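Dear colleague,

Please find below the structure that I am handing over to you.

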Amino acid sequence: MTDIVPDKIPDRPTRSIRRRHLLALGGSAAMLAACGVIPEVNKPLNLYSLSPKVAPVDNPPPLNWQLVVAEPKAGADLATNRIALTRAANRIEYFAEGVWSDAAPALVQSKLIEAFEDVVPQLAVGRDSAGLKPDYILQSELRDFQASYAGAGGEAVVRITAKLVKMPERRIVSSISAEARKPSSGAGLPGIVSAFESALGDAFSQLIAGVLAAPQT
């Protein structure tokens with residue numbers, strides 16, 4: 001019987017074969033992308049920060065104490081840098097075209113510290129990660145931080161509950177609640193971000209007034 005010897009397989013494909021493979025792969029990738037299987041991983045997202053305006057404080061009390069502003073607690077739906085929105089009860093969605101520059105609790109903490117520094121510069125204030133030994137800690141919870149489209153137009157909703165805790169006894173000396181709603185100032189996400197900025201400024205004004213009015217014992 002005569003042995004059948006297969007044709008020798010080349011070590012590497014020829015240039016024309018490689019080119020056909022590349023064209024086939026490129027066509028397949030284009031079809032998958034068109035079907036939404038491959039995400040646009042390089043598409044940039046808009047990053048949004050906030051610069052809330054806070055009401056000035058007239059005739060503040062003596063402030064010979066130190067305050068630490070702890071990072072607010074938040075549920076998993078708000079403890080993210082995604083910008084939340086609601087269009088129906090008990091349902092959270094997120095804007096696709098932009099995100100916060102930081103997770104919402106960290107963003108609120110940073111901006112609240114800046115607000116204290118701006119309107120009450122004589123108060124020594126810092127964050128809990130700085131290793132300070134404060135006289136008081138402001139502990140808070142971010143209850144609402146989302147856009148709402150329940151009505152005719154969109155609005156930003158901010159609600160923060162806080163407790164002023166005396167150290168080192170860890171005794172609550174005051175409970176403070178702050179809430180604000182502001183309508184969108186324009187179409188799309190930029191208008192809602194502007195509403196967030198205004199609502200957060202109002203909420204911060206309420207929190208700062210509550211802290212300064214608390215009994216210093």
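Does Phe196 count as buried or exposed, and at what relative accessibility? In this predicted model, Phe196 has 0% relative accessibility and therefore counts as buried.

Phe196 has an aromatic partner in Phe145. The ring centres of Phe145 and Phe196 lie 4.9 Å apart, and their planes meet at 50°, so the pair is classed as tilted. Together with Trp100, Phe145 and Phe196 form one aromatic cluster.

The structure holds 5 aromatic pairs. Another one of them joins Trp65 and Tyr136, whose ring centres are 5.1 Å apart; their planes stand at 70°, so this pair is edge-to-face. This pair, too, links distant parts of the chain, 71 residues apart: Trp65 is in the loop between strand S1 (46-48) and strand S2 (66-69), while Tyr136 is in strand S7 (residues 136-148). Trp65 and Tyr136 are both buried.

Finally, Tyr136 has a further contact, with a charged residue. The charged end of Lys166 sits over the ring of Tyr136, at 5.7 Å from the ring centre.

Yours sincerely

Terms used. Residues are numbered from 1 along each chain as its sequence is written. This is a predicted model: local features need pLDDT of at least 70, side-chain atom pairs count only at pLDDT 80 or more; totals for chains, interfaces and linings use all residues. Side-chain values use heavy atoms; hydrogens and water are left out. Rings of Phe, Tyr and Trp (its six-membered ring) pair if their centres lie within 6.5 Å; planes under 30 degrees apart count as stacked, over 60 as edge-to-face and the rest as tilted. Helices (H or I, at least four residues) and strands (E, at least two) are DSSP runs, numbered from the N terminus. Buried means under 20% relative accessible area, exposed over 50%, partly exposed in between (1.4 Å probe, protein chains only). A charge sits over a ring if NZ of Lys or CZ of Arg is within 6 Å of the ring centre and within 35 degrees of the ring normal.
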